[in-house]
Amino acid sequence: MAESHVESPIGRREGARRFVALASPSGDDSEPRPVMVVEGGHGTGKTHFLSWAASTLYDAGVPYAYVDLAEDRFTDVTSVLSFVASVNASALGHTRDDFGRLEFPRLWLALLAIRADLDFDPLGEQSLPEGERERMKWVIGKVRTRGRGALRKLGDQLERAGRVISPEELLTGFGAVEIIRAGLGLSGLAVNTVDEVLRWFSTGSAEPVDELIALRHQVQDPDHYNAVLGRNNRELAAQSLCKALRADLRDLSRAQRRVPTPTLMLDNVDRGPGPELVSALVGSAKDGGDHLSVVVATPGGRTGVVNMLPLATEDTLWSRYRLQPFTTAEVSDLLIEASGQGWHSDDVVDHLWGFTGGHPGASAALVEAWVRCAGSGVTDALLARPPSQGMESLPSTENLMFTSVLGEPPNALNTDLLAALTTCSAARDVESGLWLYREQSGPDHEVGEPVLLEHPLWEDGRPTVLRRLLQRVLARREPDGTYPDWDTVHRSLVHHYRTVRPDPVRKAYHLLCAGEFLLVAEFLVERLIDPEVDGDAWVLTLQDVADAPPRNTFERPYFDVLLTLLSEQTRTADPSPLVRTTLKLLIARHLVSDPDMFRTAELHAAAQQTLSDLAADFVGEDSSRLLAEAARHLSLWDRFK
């Protein structure tokens with residue numbers, strides 16, 4: 001199964017390489033195949049990666065099972081493995097071209113023991129014997145007397161039968177479907193009789209039926225703790241069933257071993273029975289010798305399953321593949337794929353990547369909307385709705401991005417949590433965000449700091465796409481809402497950085513967020529004339545402060561609005577020429593953080609002229625970064641004029 005870079009998911013070539021290596025045939029298959037744990041947050045592409053892996057196996061005609069453990073029907077390991085071993089089109093038992101059909105006699109018999117309704121007496125003269133053990137022997141005997149095709153028929157019915165199978169179904173041929181004739185046998189299996197399957201269940205002097213009854217009791221009382229083995233019944237049952245699954249797949253024919261392995265793909269394994277199933281699959285991998293690959297997808301952090309896996313044997317029994325954000329090159333690939341064009345400006349790609357931070361789901365949504373809007377601007381793309389015939393109200397791109405990052409639509413999120421996230425998104429670091437969270441009142445927040453921290457507002461010292469989206473919500477919020485409005489939040493943070501955690505640069509940032517351009521310009525002038533602050537350091541401060549998000553309530557063009565605001569602030573003041581010059585530069589630099597910075601060439605022309613004038617006044621005073629900034633705006637002006 002040669003892996004093609006063209007067919008690999010964008011940004012996931014390393015994961016594709018690892019999957020292909022995992023599923024490839026490996027001689028005698030004596031070494032354990034590690035469970036591949038795909039880890040990532042909401043919208044990072046876990047399901048997309050599993051879908052790619054499934055399509056790769058489908059094209060090769062290899063059996064695979066895809067199970068989404070978030071579905072309500074998967075209530076325990078038994079229900080999952082009943083589906084996995086069925087003939088469902090997305091299960092391992094479905095016949096694939098050039099591979100044939102897989103069969104699971106050990107697993108089927110174990111599932112029958114669990115699901116047989118031993119309290120049911122069939123209609124007619126024949127009745128079940130007394131006692132659980134005798135009844136179990138009777139049920140198994142009915143399977144044995146049906147011939148070599150009985151187990152296969154049982155496998156067809158297990159998933160459809162619900163939680164129990166009545167002996168009447170055994171007597172009447174499993175319902176309306178005819179029994180497969182004995183001549184069909186269990187094709188391709190070294191184990192081809194019920195007797196041999198039963199012998200696999202016997203341990204020492206214990207009878208197979210006793211082992212099956214023990215398994216039945218474990219499933220019926222899953223929370224009972226076995227002090228001798230140090231595990232509860234739920235774990236023991238999962239381990240037994242996973243061992244049966246792996247043992248069945250050791251009996252593949254020589255022809256089937258020459259192609260990629262059948263693969264079990266489990267999505268959302270932090271949900272439902274996922275944790276105990278993954279743990280059992282990892283534990284059973286140590287036996288080796290089976291022809292099965294397992295790929296599971298889980299979120300990171302405390303809700304992921306990696307915390308319960310044996311770290312000491314990582315890379316032997318399981319291996320971790322963390323999904324990373326897209327690079328600018330990968331966002332460029334998305335843009336090329338969505339538009340059908342072979343090239344795009346690096347500045348456009350940088351701009352899109354800068355808004356999403358490379359978050360896969362958000363990047364894909366924004367890129368698609370950008371193409372639909374013909375590159376008219378990020379704001380237009382965020383407000384756009386995907387076209388759909390016959391539907392009037394589809395979610396905006398902004399809401400689609402929210403859903404991708406949060407894992408659910410924003411209107412489905414806990415109201416208090418959404419309000420807390422929106423408010424705290426105004427802060428520029430974790431500590432200040434939590435301080436702001438604790439300071440809110442009327443009403444107090446209830447979600448708790450651990451829940452708040454599970455949502456990525458800050459990552460590696462930079463804002464995430466969730467924070468950028470929430471800032472837009474914060475900017476649009478009215479002052480009479482339940483929680484503080486934009487101005488109140490930022491003035492609280494100004495107080496925080498003035499008294500609680502002194503930081504003059506971040507204080508200036510939040511003053512700018514609150515619209516106090518003149519006060520910020522005066523702060524920058526103080527830095528400008530400070531002999532200990534050179535020109536390069538000053539420009540870095542300017543960039544850090546001016547990165548404050550524009551207020552989305554402004555009407556376009558922002559440049560004219562901000563110039564009007566500037567004139568209003570200077571009407572009652574008498575700023576010096578240097579302060580006036582710095583004000584112009586501050587406004588021009590502030591506009592660069594506008595999501596629609598490519599809308600007008602005038603924006604870049606104003607920035608270039610202001611920077612050049614200021615640099616000319618400080619020739620020889622470490623003005624190289626000022627000149628570099630001016631050159632950058634000149635190139636942007638030339639490109640977008």
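Is T263 buried or exposed? I looked this up before anything else. T263 has a relative accessible area of 0%, so I noted the residue as buried. The model is a predicted one, and I read every entry with that in mind.

**Entry: T263 and its surroundings**
I placed T263 in strand β5. Next I listed its contacts, leaving aside neighbours within four places in sequence. T263 is in contact with F19, A23, L57, P63, Y64, A65, L92, L292, S293 and V295. I also checked the polar side of this threonine. A polar atom of the T263 side chain lies 3.2 Å from the backbone oxygen of T261.

**Entry: β5 and its partner**
I then asked which strand β5 runs with. Strand β5 covers residues 263–267 and is joined to β2 by five bridges. The two strands run parallel. Strand β2 covers residues 64–68. Four of its five residues are buried, so β2 is largely enclosed by the rest of the structure.

**Entry: N268**
Where does N268 lie? I found N268 in the loop between β5 and α11, the latter being 274–284. The angle is near 55°, a positive value, and N268 is not a glycine. Most residues other than glycine have a negative phi.

**Entry: helix α9**
How many residues does α9 have? I noted 13, running over residues 208–220. From first C-alpha to last, α9 reaches 19 Å, close to the 18 Å expected at 1.5 Å a residue. I wrote down the buried residues of α9: P208, V209, L212, I213, L215, R216 and Q218. I marked R216 and Q218 as being on that buried list.

**Entry: V579**
I moved on to helix α26, residues 577–591, where V579 has its place. V579 shows 7% relative accessibility and therefore counts as buried. Which residues is V579 in contact with, leaving aside its neighbours within four places in sequence? I recorded L518, A521, E522 and V525. I also looked up a C-alpha distance. V579 and E526 are 53 residues apart along the chain, and their C-alpha atoms are separated by 9.5 Å.

Methods. Residues are numbered from 1 along each chain as its sequence is written. This is a predicted model: local features need pLDDT of at least 70, side-chain atom pairs count only at pLDDT 80 or more; totals for chains, interfaces and linings use all residues. Side-chain values use heavy atoms; hydrogens and water are left out. The expected span of a helix is 1.5 Å times one less than its number of residues. Buried means under 20% relative accessible area, exposed over 50%, partly exposed in between (1.4 Å probe, protein chains only). Two strands pair if DSSP finds at least two bridges between them. Contact means heavy atoms within 4.5 Å. A polar contact is a pair of N or O atoms within 3.5 Å; within protein, one must be able to donate a hydrogen and the other to accept it, and residues adjacent in sequence count only if both atoms are side-chain atoms.
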